[in-house]
Amino acid sequence: MTRVSLILALLCTTVPAFATGTEPAAAIPWGEWLSVLFSTVTSALVPIAAAAATAGIARAAPWAASILTRERVEAAIRAGADYGQNAVSGAVRGHRVGVDVAPAVVAEGTKHVLATAPTRVVRGAGGPEGVAARIFGALLLDERASKETVLEPALRLLAAEPPHRG
């Protein structure tokens with residue numbers, strides 16, 4: 001009996017020591033499996049997503065470029081109108097421009113735009129004549145002002161003294 005009790009005592013002390021270091025045979029490593037799956041999927045999907053984003057930008061770029069060019073043209077015209085009103089004596093920014101100084105205001109504003117704006121913006125506005133016509137349309141003019149009394153004299157002033165690119 002002593003042998004049996006000794007064996008039982010030995011088993012009782014050693015079996016729990018072996019059991020704490022082992023895992024059950026039916027355990028499924030879900031975390032590890034999901035981690036491997038997600039890393040594989042993301043490594044395959046990231047290049048596809050990047051290609052899709054690049055293709056989307058390439059399709060939207062001409063549209064975005066046209067909007068940006070239009071905005072730059074409008075900003076250049078506003079700047080030209082403001083510059084012309086500041087450069088010509090007798091014209092006050094924010095007030096009506098009289099017919100006597102309006103051709104000089106349009107010519108000076110056009111020269112400023114042609115000298116400072118990028119070529120693409122000037123082309124988008126319609127060249128020098130288009131810039132002058134747009135500045136003429138942007139100004140708050142006297143009621144006697146018309147294309148014949150303001151725009152045509154301004155174009156003659158521009159032809160007599162061409163602007164320098166600076």
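**Entry 1: a pair within one helix.** I started in helix H3, where Glu-108 and Lys-111 are three residues apart and so separated by about one helical turn. Helices here are DSSP runs of H or I with at least four residues, numbered from the N terminus. Before going on, I noted that this is a predicted model, where local features need pLDDT of at least 70, side-chain atom pairs count only at pLDDT 80 or more, and totals for chains, interfaces and linings use all residues. Residues are numbered from 1 along each chain as its sequence is written, and side-chain values use heavy atoms, with hydrogens and water left out.

Glu-108 and Lys-111 form a salt bridge, with 3.7 Å between the closest N and O atoms. The rule I used is a side-chain nitrogen of Lys or Arg within 4 Å of a carboxyl oxygen of Asp or Glu.

Next I checked accessibility: buried is under 20% relative accessible area, exposed is over 50%, and partly exposed is in between (1.4 Å probe, protein chains only). Glu-108 is partly exposed at 26%, while Lys-111 is buried at 14%.

**Entry 2: a second partner.** Which side chain meets Glu-161 in a salt bridge? I found Lys-111 there, at 3.2 Å from N to O. Glu-161 lies in the segment after H6 and Lys-111 in H3, so this pair ties together parts 50 residues apart in sequence. Glu-161 is partly exposed, at 49% relative accessibility. I therefore wrote down Glu-108, Lys-111 and Glu-161 as linked in a network of salt bridges.

**Entry 3: the other pair.** Arg-144 forms a salt bridge with Asp-142, and their closest N and O atoms are 2.9 Å apart. Arg-144 is exposed at 57%, but Asp-142 is buried at 13%. My count by this rule comes to three salt bridges.

**Entry 4: the core.** I then looked up the largest nonpolar core, which has 28 residues. Such a core is a set of buried Ala, Val, Leu, Ile, Met, Phe, Trp, Tyr and Cys residues joined through side-chain atoms within 4.5 Å. Val-106, Val-131, Ile-135 and Leu-139 have the most contacts inside this core. H2 (30-87), H3 (102-116), H4 (119-125), H5 (127-138) and H6 (147-160) each supply at least two of its residues. H3 gives the most, with six.

Over in H5, I listed Gly-127, Gly-130, Val-131, Ala-132, Ile-135 and Phe-136 as buried.
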